[in-house]
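Look at the structure below and follow one chain through its parts.

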Amino acid sequence: MGRTIRFGIIGCGLMGREFASASARWCHLTSDIPRPEIVGICDTNATSHSWFVSNFSTIVTVTADYKDLLVREDIDAIYCALPHVLHEQVYIDVIRSGKHLLGEKPFGIDQKANANILDAIRQHPEVTVRCASEFPYYPACQMLIRWIQEDRFGRMLEVKAGFNHASDLDVTKPINWKRKKAINGEYGCMGDLGIHTQHVPFRVGWVPKRVYACLSDVVTERPDGKGGTTACDTYDNATLVCTCEDRTGHEFPMFLETKRLSPGSTNDWYLRVTGMEASAHFTSEDPNAFHYLHSEGKDQAWSRVVIGSKPLFPTITGDIFEFGFSDSILQMWAAFLQEIEGVPVAFGCFTPEETRLSHALLTAALQSHETKNSVALDL
Ligand SMILES: NC(=O)c1ccc[n+]([C@@H]2O[C@H](COP(=O)([O-])OP(=O)(O)OC[C@H]3O[C@@H](n4cnc5c(N)ncnc54)[C@H](O)[C@@H]3O)[C@@H](O)[C@H]2O)c1
């Protein structure tokens, strides 16, 4: 067995379980990447502990107080998947404890919280800190990223990226913390879904200069789960019209949409790039396919090629087979473990600096919505 990096998980909810499950199938990866081992867990809700304890015999510390994990010498790194209002304090404490951190988006409930987290990172250059974002690791999306890096599109026409859900169309769905401004943050759906749409654009250099935002809060109350109703005060849908610049200095529009009220979208993450010479498209609703066209003559025809399982980090899965969500989580974790070791990764995890850009964009989007004007990003 190779090297091991010992992890504590803070927040044993939906995403905490996804990471633990990915760590349990590390044998799936065929390259030499250190293995994460779950040795500690923390959640204030004790009922969430039992799934972890019964599935991971390596767990030594089980606690409701995350500081119990930070003082442990048998923990090297932390995965933190907590409600947004807790990011600032907990991420800063993790960083100061000298442990590596994969934090969740939006990486601070607002721009000030994010700036404070980034200050702590600057004071602790010895720790590796990244933000979770898994969708770019679909092999068909990696193909699209390579096309961007190889400058195959010619002069850019536009970029569209989105992450859309439909489940909130059910107005009888009870409230949860992601629909409460005090816990989720003022960004609403943008804070919850936005970084997913920004990872590829920011990484390839498409950082908006200006933004015009249309934000809607359509469902204003929801069942409280106790027989009554309660305020649902977060934005449900956001459409951002951004101005970007390509490598040759030409401006082009980028449309970023994050929606919880998107009829028909179970979990639609997509990226569409159009240019004068070529265009390409990836959507998680057709997760194994790369769609592309070459602009030849008067007519253009889309082609669809099924990529199969050819991920960034090779696995035991035959390359004709299909790739899915839990595979993308495994790939993201492989990238993070490599980054902890200082190994260059062709497409790495979302960086703290990219979270700074994300907060600049979302803060400008809030101002734009308020003033009904386009707003320059304060970068
Ligand atoms: N990468 C992704 O695809 C993805 C998907 C969903 C959510 N997320 C992000 O992950 C984070 C968590 O979301 P989730 O869906 O897992 O939420 P969740 O509600 O399922 O889990 C959060 C957990 O934190 C626990 N918790 C709350 N306060 C705590 C405290 N003070 N100390 C310890 N534990 C505490 C809760 O009991 C709960 O079990 C958020 O930042 C969210 O934006 C990321």
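Seven of the 10 residues of helix 4 (residues 87-96) are buried, so this helix is largely enclosed by the rest of the structure. Here a residue is buried if 20 or more other C-beta atoms, placed from the backbone, lie within 10 Å of its own, exposed if 12 or fewer do, and partly exposed in between. Helices (H or I, at least four residues) and strands (E, at least two) are DSSP runs, numbered from the N terminus. The buried residues of helix 4 are His87, Glu88, Val90, Tyr91, Ile92, Val94 and Ile95. They pack against several elements, including strand 1 (4-10), helix 5 (111-123) and strand 6 (129-131); two residues are in contact if their C-beta atoms, placed from the backbone, lie within 7 Å. After helix 4 comes Gly98, with a positive phi near 85°.

The model is predicted: local features need pLDDT of at least 70, side-chain atom pairs count only at pLDDT 80 or more, and totals for chains, interfaces and linings use all residues. Residues are numbered from 1 along each chain as its sequence is written.

Now turn to the sheet. Strands of a sheet pair through backbone hydrogen bonds, either parallel or antiparallel. This sheet is open and has nine strands in the order 16-15-14-13-7-12-11-8-17, with mixed pairing; two strands pair if DSSP finds at least two bridges between them. Strand 16 (303-306) and strand 17 (375-376) are the edge strands, each pairing on one side only. Strand 7 (residues 156-164) runs antiparallel to strand 13 (residues 268-275), and eight bridges join the pair. In this pairing Gly162 stands opposite Tyr270 of strand 13.

Which strands does helix 6 touch where it packs on the sheet? Helix 6 (residues 139-149) touches strand 13, strand 14 (278-283) and strand 15 (289-294), and its direction makes about 155° with that of strand 14. Such angles run from 0 to 180 degrees between N-to-C directions, with axes fitted to C-alpha atoms, for helices over the stretch in contact. Helix 10 (residues 352-371) also packs on the sheet, touching strand 8 (210-216), strand 11 (237-245) and strand 17. The direction of helix 10 makes about 65° with that of strand 8.

Finally, consider the chain as a whole. The chain has 10 helices and 17 strands. Its C-alpha trace spans about 65 × 50 × 40 Å along the principal axes. Of its 379 residues, 45% are buried.
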